[in-house]
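Colleague: Hi! Could you walk me through this one? I'm new to it.

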Amino acid sequence: MATQVLMPALSPTMEEGTLARWLVKEGDSVKSGQILAEIETDKATMEFEAADDGVIGRLLVAEGTAGVKVNTPIAEMAGEGGAASAPPAPAGAAAGTTLAVSGPLSGPVAAVPAPVKAPQAAFPDWPAGTPTKTMTVREALREALAEEMRSNDRVFLMGEEVGEYQGAYKISQGLLDEFGPKRVIDTPITEHGFTGLAVGAAFGGLNPVLEFMTFNFSMQAIDQIINSAAKTLYMSGGQMGCPIVFRGPNGAAARVGAQHSQDYAAWYAQIPGLKVAMPYSAADAKGLLKAAIRDPNPVIFLENEILYGRSFEVPVLADFTIPFGKARVWREGTDVTIVSFGIGMTYALEAAEQLAKDGLSAEVIDLRTLRPIDYDTVLASVQKTNRCVTVEEGWPVGAIGNHLSATIMTRAFDYLDAPVLNCTGKDVPMPYAANLEKLALVTTAEVVEAVKSVCYR
Amino acid sequence: MAAKKPPETPNVSKDELLHFYREMLLIRRFEEKAGQLYGMGLIGGFCHLYIGQEAVVVGLEAAAKEGDKRITSYRDHGHMLACGMDPKGVMAELTGRAGGYSRGKGGSMHMFSKEKHFYGGHGIVAAQVPLGAGLAFADKYLGNDNVTFTYFGDGAANQGQVYETYNMAELWNLPVVFVIENNQYAMGTSMKRATRSRTLWERGAAYGIKGEAVDGMDVLAVKAAGEKAVAICRAGEGPYILEMMTYRYRGHSMSDPAKYRTREEVQKMRDEKDAIEHVRELLLQGGHATDEDLKLIDRDIKAVVNESAEFAKESPEPDLSELWTDVYA
């Protein structure tokens, strides 16, 4: 009996991919372990192989097809000695053949959904009429790195797998070729050591960009980040500087469990001496990373794996930067202020869209940087809407939202018509099970509910 | 019967011996004064004295050239004086005054001088080790021939980041001299209660780093070893490890009653191995100086130290606005 070969998920966050090439044709006998096809994600090409012996029946998806969803039948396969069935079984009816994936143990790969709609620009970051191009957050980060490395030869990139492997998440793809091993430096797996070493290099006059494969691993090195990088300018009475950028993906990806799914926004935002950026859009990722690399202070730059593959409009400008401490109003509104940053913006904007259908007008603010925080933009908005909901992925105790609530209470108490509500991740380590993980994360529905609550609807 | 070994006549000039004598004496008298000021409540918090270990920094500074860097732990007063920082600025930092190197904001454990290439003064045990390798990384990247002296103690030698650093320093041939100041006690824990390793420098072999143990109470031996290590690093064949066998006479910090060792042990070191006495004898026996000459030097040093103490007392506390400065560049 024929079975179906299904499009495999090649990483925790992959939802679709391109069937780049078939390595077998209809009628071929294949052995277990034989490579059937090459599948391209937006960051890598992976080979994938047959799990059983058999004969290839029909190829259901032509090579070169992009946007093939995970679990779509891509071929039929008959068991050994059997014949391939003529008509394809309806998707989901036949048992999917188990397929083993070969190739490098992949960092997760994000799919490429449609570009996020251009904001109703209440806060233009670039002059009207500037041409833009659509690019992913990943491409924007790479472009920022390359541009800054071209313009300052003291800027170098260091981290695990940033060079020859081309980046665990492909942010540094191609940089080794352009800048060579002196400036794109693969380290051993030694976070505590290489973080201290990079901070020392910054003391010594260089501008390191240090990649943590994920920010979870920065905890191995947090002493060097806080005690050495953040405090030395102060302890030296202003003599020593530490111009360094610590960057990498932060927060939950998908299904990677408690030790790989944590949002460090509130942790690092607590530390005087550090600057902290957490961009949502590709334009902000590019503009803020360029600003971070030029900043004379240590900067924590929190990226997000799920956002890496999202596309946005980015201005085509010779030198585009975004200043720290300047929030962006993504959507103007009159009934409630929703404040978020990073991936939280996804839920904030979706909620605003849904609320609009219910006749509630939400103003959505992206803080973009968490140290410094643009209090003025938040307070001005709250003074207009009289209500505020904050959205973040991190835990509820000591959250950025807590701090905003306290600030709004202190500085705009008389303007409030309702308590400020904080939408956060749940107060538990991240579970692995798909249903529990969904429950642990902040959701659009929760934001909608919180807004309705503060609007007494 | 074997012939009696003739007394060694080291190949060292009178001027150099006098320089060593002055520099080591300055550190000792400075530290004694710091101890007094601590007792008077003028210095607060933690204060770790360097008395007994003076030959290490003085010998190594004699092997350094302009541009070389140094970084160490919180037991840092000696390193600062040896690299030419002003005793007044160091003492005023100890008293938390505006005239201190960090304008009173760093204290005993956190002091820096960019001008003298002194990169701290670090309060977290062993944190300075990867930082020091990073300074060396910067010099190599910039293509100069500077060397970084990265000092740490026998206690720090049990921190994991030391070995992470060894691994990278050898992998990338960084021009760093790792100087282990083995004063035999990590706070109150003797080395034999902390490790089965017989030596600390041999641990470098696991990473391919060469090194040696040095009599850290003999400033001439220290200088010779330093010159060798520096030459290796300047030739692009670093890093190198020097394990300085030394001894601190005083407690770990001012509040340490030092119950973990006997008075006799300390006295024996003072009597038999004291680094300053050693140079004093070489000066007198070699006919380079008379008792009277050395007394004059002692007097000069005392004057310098007293002047630093007066400055540290009279310098005003930092302006209250300093609370908010230097958080960001």
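Colleague: How much area is buried between domain 1 of chain A and domain 2 of chain A?

Modeller: About 570 Å², and carbon and sulfur atoms give 53% of that. Buried area is the accessible area (1.4 Å probe) that two parts lose on being put together, summed over both. Pro12(A), Thr13(A) and Lys43(A) supply 81% of what domain 1 of chain A buries there, more than any other three residues.

Colleague: Before we go on, what should I know about the model and its numbering?

Modeller: This is a predicted model, where local features need pLDDT of at least 70, side-chain atom pairs count only at pLDDT 80 or more, and totals for chains, interfaces and linings use all residues. Residues are numbered from 1 along each chain as its sequence is written, chains are lettered from A and ligands numbered from 1 in the order in which they are written, and side-chain values use heavy atoms, leaving out hydrogens and water.

Colleague: Thanks! Where do the domains of chain A lie?

Modeller: Domain 1 covers 2-78, domain 2 covers 132-315 and domain 3 covers 328-454; such bounds come from an automatic or database domain assignment. Taken over C-alpha atoms, the centres of domain 1 and domain 2 of chain A are 35 Å apart.

Colleague: How many residues are in contact between those two?

Modeller: Four residues of domain 1 of chain A are in contact (heavy atoms within 4.5 Å) with eleven residues of domain 2 of chain A.

Colleague: Switching topic: how much do chain A and chain B bury between them?

Modeller: About 3,400 Å², 65% of it on carbon and sulfur atoms. On chain A's side, Leu197(A), Tyr234(A) and Met235(A) supply 21% of the area buried against chain B, more than any other three residues. The contact takes 45 residues from chain A and 36 residues from chain B.

Colleague: How many salt bridges does that interface have?

Modeller: The count between chain A and chain B is zero.

Colleague: Which elements of chain A touch chain B, then?

Modeller: Those giving two or more residues are β11 (155-159), β12 (184-186), α3 (191-203), α4 (222-230) and α5 (232-235) of chain A. Helices (H or I, at least four residues) and strands (E, at least two) are DSSP runs, numbered from the N terminus. The largest share, ten residues, comes from α3(A).

How values were computed:
A salt bridge is a side-chain nitrogen of Lys or Arg within 4 Å of a carboxyl oxygen of Asp or Glu.
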